Amino acid sequence: MIGQVLTKFEITTVLWVVLGHVFLGGLTLILVLTGNLYLSRRELRHLRRLGQRGVSGLADQFDARYEKEEGAAQDEPIIVKALYIYPIKSCAPIGLQRALLTKTGFAYDRCFALAVEANPGEWQFISQRTKPRMSLVKQELWLPDEQSSPDDRLVQAGGCLIVSFPNPDAPNAFGSIRAMFEARALSAVPHVRFVVPLLPSASQTRQWGLQLKPFTIHSRQASGLDFGQLPPVAAALPKLKRFLKIPERQRLTLMRCTPDTLVRTTRNLAPLNYIGTPAVHGYTDQQPVHVINLPSVHATSKLLPRENRPLDALRFRANIYCAGAPAFSEETWKRYRIIPRSVASGLRKAKVAPVFSVVCRTSRCTMPNVIPEKGVFEEDTPRPEKKRGRPQPSTTLVKYRTVENGNPAALGYLGMHCVPEDSSLKEAVDQILGLYVEVGDEIAVLERGNHLYGSTGDDY
């Protein structure tokens, strides 16, 4: 009898010991996980996140109310439907409710670029054209505000980017649990995250040993500060290489455009009597601002094979998405003004309606073939005699949207390139306030005419 009691007592004791260890282990795990989250949040405590969370400005883009056939009457206002920037060129977009307009386009747009060492000492940018998984590299923009401490290193650097991408390595149990904590979802995929200072001060640049490095963007020469040696970036680059399927032997780095590395636009030049001074840009392909008319995307979508519909407007990576104009009517715009909406947003901003000169159609490449949420190229259904389908929407754009012959390399045309006019920027400077474009603002077309890619001279 005593032996049985002792046995039960021993069993009970062992159970309590095991439960205690499980409890302590779980508590430790939670503390570690939340501690990691806390540390990352603590690092950002003097910054605020810029951009829309959750619902995209194009969440309802496929709704029939955004259809407006080519040649239809202009019987409703043209409005700014959505705004996007792409801080790291060719990576996932950041949707904005309002965007600060500068001479080089919207602030923080395409100010970074990923580059690989194509040959010893020769660096070349990469994009979704060859690395479609770049569409899955997400970005968050964090900026200082009035309450930010000037002693904080990220405040001194003008803010930061938080860059994340799916971890290419097989996750362990700890990584999977951490992903669930961070995403608050049981199906979450573990991600690699790292912090990138936005624009280091001169003293930080010297302290961190950042150096300018030349590289190429398509056929033009560019340069930028090489961020690849910054510890958080350097630690993430090997995994990013594996995720993007870059050969192990090839080096990868992150370049940052600076005010000293901006370049003048050399083709499709806007008249100086409108824009004031020559257009300049950072790592955009051509011009500072890109606009897409949503009804034009709807009209193009109807031309696609059924299995490739609907066409996501985000594939065209515009800055301004507008709605209300008939399909393709934006191709006649020569100048337009964006009129601030009458309902105040609460933002202190210049009382200026910015004016843009429209310089050319956007000649398309293979990037719209990438499905943004999957990071893979899309094809239509293969013909019986073919193993693979044709790339879409490029095949359709070439067939139906080769509406001019200005660029022989164009895979069709969709969207327009624009340059902000200096007069608007100067008015904002005189008011000592920022010049903003907001979702819901109205677009008033000031002049119309014809466009032909490359028809202007190569010098102002």
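Modeller: By class, the lining of the largest cavity has eight nonpolar residues, with no polar and no charged ones (Ala, Val, Leu, Ile, Met, Phe, Trp, Tyr, Cys and Pro count as nonpolar, Asp, Glu, Lys and Arg as charged, the others, Gly among them, as polar). This is a predicted model, where local features need pLDDT of at least 70, side-chain atom pairs count only at pLDDT 80 or more, and totals for chains, interfaces and linings use all residues. Residues are numbered from 1 along each chain as its sequence is written, and side-chain values use heavy atoms, leaving out hydrogens and water.

The lining is made up of Ile88, Cys91, Leu114, Val137, Val163, Phe194, Leu240 and Leu254 (a cavity is a set of points on a 1 Å grid over the protein atoms alone where a 1.4 Å probe fits but cannot get out; lining residues have an atom within 4 Å of a point).

Let's follow Leu240, one of these lining residues, into helix 5 (residues 231–244) (helices are DSSP runs of H or I, at least four residues; strands are runs of E, at least two; both are numbered from the N terminus). Leu240 is buried there, along with Val233, Ala236, Leu237, Lys241, Phe243 and Leu244 (under 20% relative accessible area with a 1.4 Å probe, protein chains only). The helix's buried residues pack against strand 6 (112–119), strand 9 (160–166), strand 10 (191–197) and strand 13 (252–256), with contact meaning heavy atoms within 4.5 Å.

Methods. Expected span 1.5 Å × (residues − 1). Buried < 20%, exposed > 50% of the residue type's maximum accessible area, 1.4 Å probe, protein only. 1 Å grid on protein atoms, 1.4 Å probe; cavity = no way out; pocket = protein on both sides within 12 Å on 5 of 7 lines; lining within 4 Å.
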